[in-house]
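I opened my notebook for a first walk through this model. Here is what I looked up, entry by entry.

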Amino acid sequence: MNELQRIWLDAYRGWLKAVSSEGELHPTDYTAAREHADAVLNSLIRAGEVTE
């Protein structure tokens, strides 16, 4: 797994943990987590913190 994949996965997992620490998730939570992870990664790329 490369650095970009790790960053994305950490953001995705972090969102899901923040939404439900007990693990009860709704299908829309997964969509929101994916969108959040995409936004985090895109922001880091635009800021020059990571390279593609």
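How many helices and strands are there in the chain? I found 2 helices and 0 strands; helices (H or I, at least four residues) and strands (E, at least two) are DSSP runs numbered from the N terminus.

**Ground rules.** I noted that this is a predicted model, in which local features need pLDDT of at least 70 and side-chain atom pairs count only at pLDDT 80 or more, while totals for chains, interfaces and linings use all residues. Residues are numbered from 1 along each chain as its sequence is written, and side-chain values use heavy atoms, with hydrogens and water left out.

**Whole chain.** I looked up the box that the C-alpha atoms fill along the principal axes, and it is roughly 35 × 20 × 15 Å. Of the 52 residues, 21% are buried; buried means under 20% relative accessible area, exposed over 50%, and partly exposed in between (1.4 Å probe, protein chains only). I then turned to contacts (heavy atoms within 4.5 Å). Among those with a separation of 6 or more, 52% join residues 24 or more positions apart.

**Helix 1.** I checked the span of helix 1 next. Its 17 residues should span 24 Å at 1.5 Å a residue, and the end C-alpha atoms are 24 Å apart, which agrees; the expected span is 1.5 Å times one less than the number of residues. Which residues of helix 1 are buried? They are Leu-4, Ile-7, Ala-11, Tyr-12 and Leu-16. Seen down the axis of helix 1, these fall within an arc of 165°, so they line one face of the helix; the arc is that of the directions from the helix axis to the C-beta atoms. On the face turned away from the buried side of helix 1, I found the exposed residues Asp-10 and Lys-17. Helix 2 is included in what covers the buried residues of helix 1.

**Helix 2.** I moved on to residues 27–47, which form helix 2. This helix has 21 residues and reaches 31 Å from its first C-alpha to its last, close to the 30 Å expected. Its buried residues are Asp-29, Ala-33, Ala-37 and Leu-41. Why do they line one face of helix 2? Seen down the axis of helix 2, they fall within an arc of 105°, so one face holds them. Those buried residues pack against helix 1 (3–19). Exposed Pro-27 and Arg-46 sit on the face of helix 2 turned away from its buried side.

**Two residues I stopped at.** Gly-14 lies in helix 1. Is Gly-14 partly exposed or buried? Gly-14 counts as partly exposed because its relative accessibility is 36%. Then I looked past helix 2, where Gly-48 follows with a positive phi, near 80°. Glu-49 is in the segment after helix 2 and counts as exposed, at 59% relative accessibility. The C-alpha atoms of Glu-49 and Leu-25 are separated by 31 Å, and the two residues are 24 apart along the chain.
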